[in-house]
Amino acid sequence: MAMRRQLQLNTHISAKFNQELENLKHSVLTMGGVIEQQLVNTLVALQEKAPSLAERVSLNDSKVDVMETQVEQECMRIIAKRNPTAGDLRLIMTVSKTATDLERIGDEIARVARLVTLNKIPDSELVFGGMLDIGNRNVAMMRATFDAFARQDDKAAILAHQQDKDIDRVYKKVLEQTAAEIQLNPGDINQWMDVLWAIRAFERIGDRCKNICEYVIYLTYGRDMNSSSMKKTVKKLLK
Amino acid sequence: MLKLFEREILSVDEISKAQTGIDVRDLCVHLNGKLVLNNINIRIPKNKITALIGQSGCGKTTLLNSFNRMNELNRNHQCSGEVWINDRDIYNRKERISRLRTQIGMVFQRPNPFPMSIYENVCFGLRIQGETNRRKLDDSVERALKNAALWEEVRDRLFDSAMILSGGQQQRLMIARALALEPEILLLDEPTSALDPLTTLYIEELINELKKQCTLVVVTHNMQQAARVSDYAAFMHNGELIEFSDSDSLFTMPAKQQTEDYITGRYG
Ligand SMILES: Nc1ncnc2c1ncn2[C@@H]1O[C@H](COP(=O)(O)OP(=O)(O)OP(=O)(O)O)[C@@H](O)[C@H]1O
Ligand SMILES: [Mg+2]
């Protein structure tokens with residue numbers, strides 16, 4: 001079974017290094033906070049059919065890109081200056097990968113927002129309701145993921161990770177409903193393509209959150225979550 | 001624009017005159033007829049840590065020594081140019097060396113305590129200056145030892161010989177000795193090269209604390225150390241200053257290929 005290590009950030013001889021790692025960790029959480037708000041705004045825009053709010057989400061996406069660049073640069077600076085090893089190095093790599101996933105989540109959110117801006121929200125109550133459903137599940141999973149990351153809580157990360165199964169299930173269902181709608185009105189296929197993209201974007205957000213949960217596990221155990229030695233650990237944690 | 005990380009470090013060309021601790025202008029030094037420093041121009045920022053890096057023999061120690069005119073101990077020494085500290089050119093003929101030496105502290109590679117008590121080692125400089133008031137000496141010794149993070153370890157044995165201290169303690173004692181004179185500038189020539197990694201980190205942390213009180217210049221062969229402790233870094237080669245910049249830039253994106261080759265270990 002894999003060995004669990006608690007990463008102690010505040011124990012370096014260099015107080016400044018402690019501070020830098022704290023700030024780094026905090027920076028992805030800040031970024032996560034902005035992303036979460038973006039997602040919530042998008043869902044409200046979708047539900048209320050409010051293009052102006054969706055427009056604001058699109059504009060805000062560049063903020064997320066800038067944040068990612070800043071996090072990457074800071075990771076690079078710390079690696080160059082501090083020569084981090086072991087848990088510190090894993091933390092920095094984790095932060096860097098998380099920032100990348102967050103930036104991609106931002107793009108997916110912007111894709112859904114565009115659907116609202118372009119006034120291409122589907123008329124079908126079923127599909128529309130399915131989109132809101134998957135979107136709300138995204139918010140829940142995202143919150144659980146960030147929470148697990150903030151507390152570096154392995155069990156919470158595994159629980160959040162599992163939420164993706166529900167997202168996938170709802171995704172398949174909405175996909176089937178959409179396919180049925182398309183068959184009914186094949187002439188509107190272009191309209192529906194955008195809807196398909198948006199649904200796909202929701203599904204992707206779940207995948208990205210899953211990645212972040214895996215990083216938390218990697219950080220705690222130094223192992224890939226899908227490795228055989230980790231599987232036993234995961235089972236035991238969930239008992 | 002949104003900023004996730006606060007950088008309080010100015011780039012070298014943003015440093016104003018008031019923020020300059022040592023201003024070196026057109027400095028050339030010959031030792032025994034050999035050109036050792038070739039036209040150095042550098043503004044060492046005040047209350048910051050500046051690292052001097054470069055291959056052995058490139059002139060780091062010589063440059064450090066020119067900040068307190070230690071090179072003059074070498075009889076065959078010739079120098080031109082100016083070194084300004086607090087609006088005074090220290091190479092001006094009217095400057096008194098003794099004044100300079102109290103203004104500028106120096107710590108060497110190997111700790112060199114005098115064969116006397118810990119107490120006497122620390123107040124050595126003050127005694128030379130003629131201080132005899134016991135209260136004042138006591139206070140200075142305590143303050144210096146505290147600033148050098150050595151007080152807790154030696155407070156009960158101030159009058160024991162300094163020679164029985166460990167290497168790391170001796171090096172901190174040397175720092176305390178320099179600090180007792182409350183110098184504005186502290187020069188450190190490979191201060192941790194004789195110490196173990198953990199003690200080294202303690203000294204580095206101490207150095208970092210000291211910049212509140214003084215301007216520090218550190219010569220080090222340990223690239224990683226230079227990256228860790230310094231705010232600014234100067235890369236020298238063959239008596240010339242190749243690149244001087246804030247350490248964040250120098251160690252992540254040096255401007256000169258020569259610097260990049262050296263810090264990445266590609267130097268021939
Ligand atoms: N007294 C002297 N007479 C002649 N040359 C000297 C004298 N002292 C130093 N040098 C030469 O000056 C050059 C610079 O010496 P310096 O001690 O400043 O180098 P350094 O960068 O500090 O090297 P290291 O990293 O090995 O300490 C060297 O080439 C050295 O041989
Ligand atoms: Mg030297």
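**Exercise 1. Contacts of ligand 1**

Determine how far a nitrogen atom of ligand 1 is from an N or O atom in the side chain of Asn32(B), in this predicted model.

*Solution.* 
Step 1. The separation between the nitrogen atom of ligand 1 and an N or O atom of the Asn32(B) side chain is 2.7 Å.
Step 2. Two further contacts involve oxygen atoms of the ligand: a polar side-chain atom of Lys60(B) is 2.7 Å from an oxygen atom of ligand 1, and a backbone N or O atom of Gly57(B) is 2.8 Å from an oxygen atom of ligand 1.
Step 3. On its own, ligand 1 has 630 Å² of accessible area, and the protein covers 67% of that area.

**Exercise 2. The shell around ligand 1**

State which elements give two or more residues to the shell around ligand 1, and describe how the residues of this shell divide into nonpolar, polar and charged.

*Solution.* 
Step 1. Strand 2 (34-45) and helix 1 (60-66) of chain B are the elements that each give two or more residues.
Step 2. Helix 1 of chain B supplies the largest share, 3 residues.
Step 3. There are 15 residues around the ligand, and those that come nearest are Ser56(B), Thr61(B), Thr62(B), Asn74(B) and His221(B).
Step 4. By class, the shell holds 9 polar, 3 charged and 3 nonpolar residues.

**Exercise 3. Positive phi angles in chain B**

Find in which loops Asn47(B) and Ala149(B) lie, and give the phi of Asn47(B) and of Ala149(B).

*Solution.* 
Step 1. Asn47(B) lies in the loop joining strand 2 and strand 3 (49-53) of chain B. Its phi is positive, about 55 degrees, although Asn47(B) is not a glycine.
Step 2. Ala149(B) occupies the loop between helix 4 (134-147) and helix 5 (151-154) of chain B. Its phi, near 55 degrees, is likewise positive in a residue other than glycine.
Step 3. Asn47(B) is partly exposed because its relative accessible area is 30%. Ala149(B) is also partly exposed, because its relative accessibility is 43%.

Terms used: Residues numbered from 1 in each chain as written. Chains lettered and ligands numbered in written order. Predicted model: local features only at pLDDT ≥ 70, side-chain atom pairs only at ≥ 80, totals over all residues. Heavy atoms only, no water. Near = heavy atom within 4 Å. Polar contact = N/O pair within 3.5 Å; in protein donor to acceptor, adjacent residues only side chain to side chain. Areas by Shrake-Rupley, 256 points an atom, 1.4 Å probe, with all protein chains shown as cover. Helix = DSSP H or I, 4+ residues; strand = E, 2+ residues; numbered from the N terminus. Nonpolar A, V, L, I, M, F, W, Y, C, P; charged D, E, K, R; others polar. Buried < 20%, exposed > 50% of the residue type's maximum accessible area, 1.4 Å probe, protein only.
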